[in-house]
Every structure is written in structure tokens, then in C-alpha cells.
Amino acid sequence: MDMSVNIAGVEWQNPVTVASGTFGSGEEFSEYVDLNRLGAVTTKGVANVPWSGNPTPRVAEVYGGMMNAIGLQNPGIDLFCKRDIPFLKKYDTKIIVNVCGHAPEEYLAVVERLADEPIDMMEINISCPNVNAGFLAFGQDAHHVEELTGQIKKIAKQPVIMKLTPNVTDITEIAEAAEAGGADAVSLINTLTGMKIDINRKTFALANKTGGVSGPIVKPIAVRMVYQVAQAVNIPIIGMGGISCAEDAIEFILAGASAVSVGTANFHNPAVTMEVIDGIEDYMKKNGFTSVKDMVGIVR
């Protein structure tokens, strides 16, 4: 059984990683999960300086999932490089660092700082609001996506994955812009913007008013978007959005994802990634696949 996948020249031992922000930077889950078994660990988003995040409450339960407005709280790139990368280097897994910023120069500062760090790939979170464009997320404007991707690619030493927001009219237009800018891969979907109102308190459930919805409820939308993007671009896709078992992950692979990312499910089942890896292997045996690569995008 060949479970390995090649994402932009980086060989993963299997197609399973974790969604940024649901797994800390690996250490937090290391007591529950054998990190050596993961195809890659995707870290929480990191910025050029520490971010304190949004006011609380910033997490709410919703039907079929959850809603969060953490605000990308993170310790900043200096502490991250000193503490988190050395921890992950102890394991036999690929390291994907998720990068966030409020302006292009903030992203570029982190990308430049990571150039000489022993990481394997970078995932660029373009769902952050752009302070130079009326706080519209970078990923909601195809021109900004192509431009930012190009700027990052000029200085990046590792392959660049652009993480796409689903809060757009046409996801293929954004994916094509990332590819045109030189992206080595795309990952999708990020969370869908939602709102919950507490009728007893007569106010918003989250201090931020809106938050990102994730969990099983978003999966059909995510699978549809991965399928559409797979028809539109020629770069690898990392699929995510509501994966909570192997069957969910396999749907994404059959729709065109070369790899998958497990997110919200980690919170209620910390061992879910191990179950997904084993389940994909079982499916391959039952269905006569010798390589996971042979499954990618076969549903057309």
C-alpha cells in the first residue's frame, strides 16, 4: 500500500494533516496523537509580532459544528521559531507553518524570517482582513490574491500553499489567481462566516458578532468547492472542511484533493487523524487501490 503523496515536491508519508488552529503547533496534541504518523503537522497561524486575538466570548457551539472568532491569537514569529519548530523537528513528519498578516509587508516579514528555518512548506492564510483594502479579506479579491502570492513567491524558499476562503462568489476565480501568482498548491476551505444570537441575553453569542463556522455542517460545501477547484487548476489541492472520519476524507480525495486536513474533529476526538489514516488504508485494500494517488479526482 503506497500511502505517500507528493505535494509541490514535498513527499508526505500519507495524505493526512491537521487544519491550522485546531492542533496548536503540535505539542498540545502530542500526548494523544503519534505525530510521527501524520503526513504533516500544520501549525496555528503565526504573524510577525504577537497577536492577542479577539475579546471573549470567542467560541460558540452551532448545529453540526462550531463557530469561532479567536482572532488568530499567536505568540509571534520569534518565539515560534525558538520554541515550536525545534519541538516539531523531533518527529518524522513534515512541518507546514501557517502565516497570517494584516498587510502584505506583515506576511512578507514572516515568510522572510522562515526562509532559513527547517520547515517544509508554508500555508498562507488569506482570510485575514486587509487593512489597506477596507478590511476586505485578501482572499476575497482575485487581484489581491495574485499580487500577494507573487510577492510571497519572490522571497519564499519553501513551497507556498495559499489557503482559500469560501466567502466568495466564485472559488475557481480565486484559485486561478493563486495559481497565476505562482502558488505551489492551494488548500480549502477556510471557515464560512456565520452569526449566532443568544436570545436569552439578547446579544451576539460571540463578542466579535460574526465568526467562522466549521465542522460537519460545512462538508458538502467544502467538497463541492474542492471539486470545482480541481477542474480549474493544475496545482495540488489540500481539501478540508468538516472531515470527522475516513469516509469524509475519501470524499475529498475522490473529488480532487491530493491531501486532506482534519480540523474541528480534533477537539472532540483527539485521535481522529489516526482513525482517518487507518480508514483510508482499509478503503484502498477493499477497493483495490495500490496507491492513494490513484484515487485523486477519479469522480468527474
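View 1. Just past the helix, Gly288 has a positive phi of about 75 degrees. This is a predicted model, in which local features need pLDDT of at least 70 and side-chain atom pairs pLDDT 80 or more, while totals for chains, interfaces and linings use all residues. Residues are numbered from 1 along each chain as its sequence is written, and side-chain values use heavy atoms, without hydrogens or water.

View 2. Ala142, His144, Val145, Leu148, Thr149 and Ile152 of α3 are buried. Looking down the axis of α3, these residues fall within an arc of 155 degrees (taken from the directions from the helix axis to the C-beta atoms), so they line one face of the helix. On the other side, His143 and Lys154 are exposed (over 50%). Among the elements covering the buried face are α2 (104-114) and α4 (171-180).

**View 3. Where helix α3 starts.** Here a side-chain oxygen of Asp141 comes to within 2.9 Å of the backbone nitrogen of His143.

**View 4. Helices α1 and α2 packed together.** Helix α1 (residues 77-88) meets α2 at an angle of about 35 degrees, and their axes (lines fitted to C-alpha atoms over the stretch in contact) lie 11 Å apart. Ile77, Asp78, Cys81 and Ile85 in α1 touch Val110, Arg113 and Leu114 in α2.

Methods
Buried means under 20% relative accessible area, exposed over 50%, partly exposed in between (1.4 Å probe, protein chains only). Helices (H or I, at least four residues) and strands (E, at least two) are DSSP runs, numbered from the N terminus. Contact means heavy atoms within 4.5 Å. A polar contact is a pair of N or O atoms within 3.5 Å; within protein, one must be able to donate a hydrogen and the other to accept it, and residues adjacent in sequence count only if both atoms are side-chain atoms. Axes are lines fitted to C-alpha atoms, for helices over the stretch in contact, and angles run from 0 to 180 degrees between N-to-C directions.
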